[in-house]
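The sequence and structure come first.

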Amino acid sequence: MDQIKHLYIQVNGLNFHVAEIGPKSSPAVVFLHGFPEIWYTWRHQMISVVNAGFRAIAPDYRGYGLSDIPPQPDKTRFVDLVNDTASILDSLNISKVFVIGKDFGAMVAYIFAVFHPQKVSGMITLGVPFRPPGSYKSHQTLPEGFYILRWQEPGRAEADFGRFDAKTVVRKVYTMFSKSEIPIAGENQEIMDLVGPSDPLPSWFTEEDLKAYGDLYEKSGFQTALQVPYRSFKEKIEYAKQGLSDPKIEAPALFVMGEEDYVFKFPGTEEFLKSGGMEKYVPNLEVVYLPGGGHFVQEQFPDQVNKLILGFLNRNKY
């Protein structure tokens, strides 16, 4: 961890915190985090890929961690995160990159690969499959207490989160998302109340890890994180501007899913994946399911995930 460097890059009117390690001459890998993650979620993978001869770059999105909060967090879009990623890579003079995304970071990775196919050597995503535009409707079939629906409601999540400090919010979300059940609150219950003060952290997540996350979110807060991803799911991605009527990702791709990931239980997700639905849009795809894996497989099973990542990178680096 000590060998990871931290720099700030000014692009698109904001200062972005970027964690980086590895020689500038090595093939580059950019890591895109989810929520409640931050660059730190990739600590195991960054060290692993650098030891294998690659360069690792992990930015905090705008409004996350140590990156600047945008002037209007509630106006942030998925496309902003894609454009920021492209601008950061341009600033670092990286013309070709392997893209690795987790959770909603996978969605950022997919859009990036569609918008900038010439920049992508290959793509690895964890936990969230690629779906065509307008298909994120499974949320609508779940009860009102489903966490995404609650967090989309202006003011409700702010009030819920605001009862606790940042470290406690992260502890509750990490604990909740590590379970195999979809987080759904009762009618008179808030999402944060699904995890009690005595509920243990996952065995692979230490108090030191929790402090690292808590400190970063203490700085950024959660306003931008609630906007992207939760309040941006209905955002219309204008693929037509890229000259595309049917977006596809032609780059080599690997998708990794924990079999106990609660996202796997979203209505239609398992059927979509196992029927080859993702391959229609990502034709050069390999899918791997990790038995016992939850939502945070890169932290839960770092050795297994690192082995999959390195195998993919080495097969596609030339």
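## Salt bridges

Across the whole structure, a search finds 19 salt bridges, a salt bridge being a side-chain nitrogen of Lys or Arg within 4 Å of a carboxyl oxygen of Asp or Glu. Side chains of opposite charge can pair when their charged atoms come close. This is a predicted model, in which local features need pLDDT of at least 70 and side-chain atom pairs count only at pLDDT 80 or more, while totals for chains, interfaces and linings use all residues. Residues are numbered from 1 along each chain as its sequence is written, and side-chain values use heavy atoms, with hydrogens and water left out.

One of the pairs is E20 with R55, whose side chains meet at 2.4 Å, N to O. Helices (H or I, at least four residues) and strands (E, at least two) are DSSP runs, numbered from the N terminus. Both E20 and R55 are buried, where buried means under 20% relative accessible area, exposed means over 50%, and partly exposed is in between (1.4 Å probe, protein chains only).

## Other charged pairs

D90 and K119 also form a salt bridge, with their closest N and O atoms 3.0 Å apart. This pair links distant parts of the chain, since D90 is in helix α2 (residues 78-91) and K119 is in the loop between α3 and β6 (120-126), 29 residues apart. D90 is partly exposed at 44% relative accessibility, whereas K119 is buried at 13%.

A salt bridge between E270 and K274 has its closest N and O atoms 3.3 Å apart. Both residues lie in helix α9 (residues 269-274), four residues apart, which is about one turn of the helix. E270 has a relative accessible area of 37% and is partly exposed; K274, at 54%, is exposed. Elsewhere, a network of salt bridges links E144, R150, E153, R156 and E190.

## Backbone geometry

Most residues other than glycine have a negative phi, and most peptide bonds are trans. Two cis bonds are described here. F35 and P36 are joined by a cis peptide bond with omega about 10°, and P36 sits in the loop between β3 (28-32) and α1 (43-51). The peptide bond from V228 to P229 is also cis, with omega near 25°; P229 is in the loop between α8 and β7.

Positive phi values occur at N12, near 50°, and at D103, near 60°. N12 is in the loop between β1 (5-11) and β2 (14-21) and is partly exposed at 43% relative accessibility. D103 is in the loop between β5 (97-102) and α3 (104-115), and its relative accessible area of 8% makes it buried.

## The setting of K248

Where does K248 lie? K248 is in the loop between α8 (223-227) and β7 (253-258), and with a relative accessible area of 38% it is partly exposed.

Which residues does K248 contact, leaving aside its neighbours within four places in sequence? They are V114, K280 and Y281, with contact meaning heavy atoms within 4.5 Å. The C-alpha atoms of K248 and P283 are separated by 7.9 Å, although these residues are 35 residues apart along the chain.
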